[in-house]
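Here is a friendly note to read with the model open beside you. Take the points in order and find each residue as you go.

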Amino acid sequence: MNRRKLQNYLGLGVLGLFLFITFAFLIIFLVRMFYMGSSVLSLEFVTTNPRNAMTEGGIFPAVVGTFWLTTLAILVATPMGVLTAVYLTSYGRPMWFVRLVKIAINTLAGTPSIIFGLFGMAIFVNLMRLNISLISGALTLAILALPMIINATEEALRGVPSDFSEASLALGATKRQTILRVMIPTALPNILTGTIISIGRIAGETAPIMFTAATFYSRRLPESLSDEVMALPYHIYALMTEGTHSASQVPIAYGTALILLLMVLSISGVAVFIRFNIRRNRKW
Amino acid sequence: MVNTRISTSGLNLWFGKNHVLQDVNLSVHEKKVTAMIGPSGCGKSTLLRCFNRMNDLIPETRIEGTIMLGEQDIYAPKADVTRIRAKVGMVFQKPNPFPKSIFNNVAYGLVIQGKYSKCDLHGRVEESLKAAWLWDEVKDRLHSSAMSLSGGQQQRLCIARALANSPEVLLLDEPTSALDPQSTAKIEELCLELKKSVSILIVTHNIAQAGRISDYTAFMYLGQMVEFGKTDQVFTVPNDKRTEEYLTGVFG
C-alpha cells in the first residue's frame with residue numbers, strides 16, 4: 001500500500017473515531033436521562049400537581065407555566081423581530097446605521113442568558129413594577145429570542161430572489177406592497193423555521209426567568225399576567241438544589257428534564273418538517 | 001404616418017462614475033416592434049430599464065435628458081413611478097413568476113392597484129391569459145402553482161401578467177434567451193400578434209430574432225446609439241460600418 005492511500009485511511013479513521021465519540025456522548029446522555037427519570041414518567045406525571053412537598057405527584061403547573069412563558073415571549077418577539085429585519089433589509093439607511101444595529105443585535109445574541117435575567121429584573125420587575133410575574137419573564141425571554149428571530153428573518157428575506165421583487169415593482173407595486181405581498185410570503189416558511197427554533201431555545205432557558213417569573217412552588221395555575229409561574233427548567237434546578245428529600249426528588253427532576261427534552265425535540269421536529277416541505281415544494 | 005410612443009432625447013446615464021448611456025436619442029413607434037441589438041455590455045438592457053424607471057433601484061444612478069412616454073415626461077420630478085410602471089409592462093430574461101397560483105400571478109398587477117372587483121378580475125385574467133396564448137393550457141388549473149409550468153409557459157405567464165395592466169408599451173429584456181427553440185418561436189409569433197395592440201421594445205442577443213420580428217432596429221455599441229432605422233434598411237444597407245460588422249459577425 002502506498003503512502004497516500006495510507007494517509008487516506010488514517011484520516012478517515014480519525015474522522016470516524018470523533019464521529020463515534022460525539023455520537024456516544026449523545027447516546028450515553030439520553031440513556032442516563034431515561035434511566036434516572038423513567039420511573040416517574042406517566043401520563044399522570046404531566047397532568048397532575050406536585051404533592052407532599054414535591055416528593056410525589058406531577059409537574060402540570062410547570063408544563064403550563066413554560067407553555068405560557070414561551071407562547072407570550074414568541075408573540076411579543078416575532079412581530080418585533082420580523083419588522084426589524086424588514087427594516088434592516090429593505091429600508092435601512094444610511095449603511096453605517098444598519099451596521100451599528102447589526103453589531104448591537106449580534107452582541108445581544110452572544111450575551112449570556114443570566115445577564116438577560118438581571119436586565120429583566122432591573123427593568124421589568126423593578127423599574128416598570130411588573131414584579132416577579134409571567135409578563136416579566138415572557139418579556140425577558142422575548143428579548144432573548146429577538147436576535148435569533150431577527151437574524152433568521154433577515155436571512156430568509158435576503159434569500160428571496162431579486163427576480164421576484166423586480167417583477168413586483170415592474171408591475172407598478174409600491175415597495176410596501178412588494179414587501180407585504182411578495183417578499184414576506186416567499187420568505188415565510190424560513191421565517192417560521194427560525195421562529196420555531198427560537199421557541200425551542202427559550203423554552204429551556206432557566207437563568208432569564210429565575211429572577212423575573214419563576215417560583216419554586218405554586219398551589220394554583222397562573223391566572224393572570226401578573227402571577228408568578230412554575231416552569232420546567234426552573235423546576236429541575238429547584239429540585240436538584242433546594243430539595244430536601246433527594247431520594248424521591250432526583251427522579252422527578254430527571255423526569256422533568258425528559259419531558260422538557262421531549263417538548264424541545266418535538267418543536268424542533270416541527271421545524272425540520274416545515275423545512276423539508278419547503279425544500280420539496282420550492283422550484284426557484 | 002407612425003406615431004411615437006416613447007422618445008428619448010439627449011439621454012445620458014451614469015452608474016457612479018461609469019458613463020453607461022451616452023447621448024441616446026431614440027423613438028419607439030406605436031404598435032411596432034423595435035429591437036435593440038448590440039454586444040454584451042453595450043447598455044441596451046440599461047436603456048430598456050430607463051423606460052420603466054427600474055434603474056431607480058440601483059444606487060448612485062444619475063440620469064440626464066428626457067424620456068417622453070406619449071405626452072408624459074417620465075423623469076419629471078412629479079412623475080408617479082408606480083403609475084408609469086403599470087403603464088409600461090416588462091418581461092425579464094429569466095421567467096420570474098411569483099411563487100403563487102397562476103391566477104394570482106396574472107391578477108397581481110390589478111389587485112395591487114385595487115381597481116377591480118372580483119368578477120372583473122376573473123374576466124381580465126382570462127383575457128390576459130388568452131392574449132398571451134396560455135389560456136387553453138392552464139384554464140383547468142388556474143389555482144395551481146405557477147412554478148409547475150414549463151419555462152416557456154412561465155415566460156408567457158409573465159407576458160400575461162404584464163398585459164393584465166393594459167400597458168401602452170411592453171419591454172422585453174432578452175425574453176427567449178433562457179428558452180428552448182419551440183418556446184422561442186411561440187413567443188416570437190406572440191410578439192407579432194401583440195403589436196396590434198401594444199408597442200413592443202425587445203432587447204435581444206439573437207440577430208436573426210431581431211430580423212424576424214422587428215419593424216425597427218436600434219444598434220447600440222459602447223453606450224451609444226450607433227444606428228436606428230427600419231429593420232430592412234439596417235439589415236441590408238446599414239449606414240455605419242460598426243453595424244455592418246456586428247451583423248456579419250466580425251465582432252459580437
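**Notes on the two chains**

1. Let us start with one residue. I184(A) counts as partly exposed because it has 18 C-beta neighbours inside 10 Å; a residue is buried if 20 or more other C-beta atoms lie within 10 Å of its own, exposed if 12 or fewer, and partly exposed in between, with C-beta atoms placed from the backbone. I184(A) belongs to helix α8 (residues 175-203) of chain A. Helices (H or I, at least four residues) and strands (E, at least two) are DSSP runs, numbered from the N terminus. Along the chain, I184(A) and L157(A) are 27 residues apart, yet their C-alpha atoms are separated by 7.0 Å.

2. A word on reading the model. It is a predicted one, in which local features need pLDDT of at least 70 and side-chain atom pairs count only at pLDDT 80 or more, while totals for chains, interfaces and linings use all residues. Residues are numbered from 1 along each chain as its sequence is written, and chains are lettered from A and ligands numbered from 1 in the order in which they are written.

3. How do α3(A) and α6(A) pack? Helix α3 (residues 60-91) of chain A meets α6(A) at an angle of about 40°, and their axes are 6 Å apart. Here axes are lines fitted to C-alpha atoms, for helices over the stretch in contact, and angles run from 0 to 180 degrees between N-to-C directions. The contact of α3(A) with α6(A) has 22 nonpolar, six polar and two charged residues. For these classes, Ala, Val, Leu, Ile, Met, Phe, Trp, Tyr, Cys and Pro count as nonpolar, Asp, Glu, Lys and Arg as charged, and the others, Gly among them, as polar.

4. Two loops of chain A deserve a look. R93(A) and P94(A) are joined by a cis peptide bond, with omega about -10°, and P94(A) is found in the loop between α3 and α4 (95-109) of chain A. N131(A) has a positive phi, near 60°, in a residue other than glycine. The loop between α5 (113-127) and α6 of chain A holds N131(A), which counts as partly exposed because 15 C-beta neighbours lie inside 10 Å.

5. Turn to chain B and its sheets. One open sheet has four strands in the order β2-β1-β4-β5 (chain B), with antiparallel pairing; strands pair if DSSP finds at least two bridges between them. At the edges stand β2 (18-29) and β5 (72-73) of chain B, each with a single partner strand, so one side of each has no neighbour in the sheet. Strand β1 (residues 4-15) of chain B is joined to β2(B) by eight bridges, and L11(B) stands opposite V24(B) in β2(B).

6. Another open sheet has six strands in the order β6-β7-β8-β3-β9-β10 (chain B), and its pairing is mixed. Its edge strands are β6 (88-91) and β10 (224-230) of chain B. β6(B) pairs in the parallel sense with strand β7 (residues 169-173) of chain B over four bridges, and M90(B) is opposite L171(B) in β7(B).

7. Where do the chains meet? The contact takes 19 residues from chain B and 16 residues from chain A. On the chain B side, α2 (81-87) and α3 (102-113) each supply at least two residues. In α3(B), the buried residues include I102(B), Y108(B) and L110(B). What covers the buried residues of α3(B) includes α8 of chain A.

8. A last stop is R53(B), in the loop between α1 (44-50) and β4 (61-69) of chain B. R53(B) has a positive phi of about 55° although it is not a glycine. Is R53(B) buried or exposed? R53(B) is buried, because 21 other C-beta atoms lie within 10 Å.

Key: Two residues are in contact if their C-beta atoms, placed from the backbone, lie within 7 Å.
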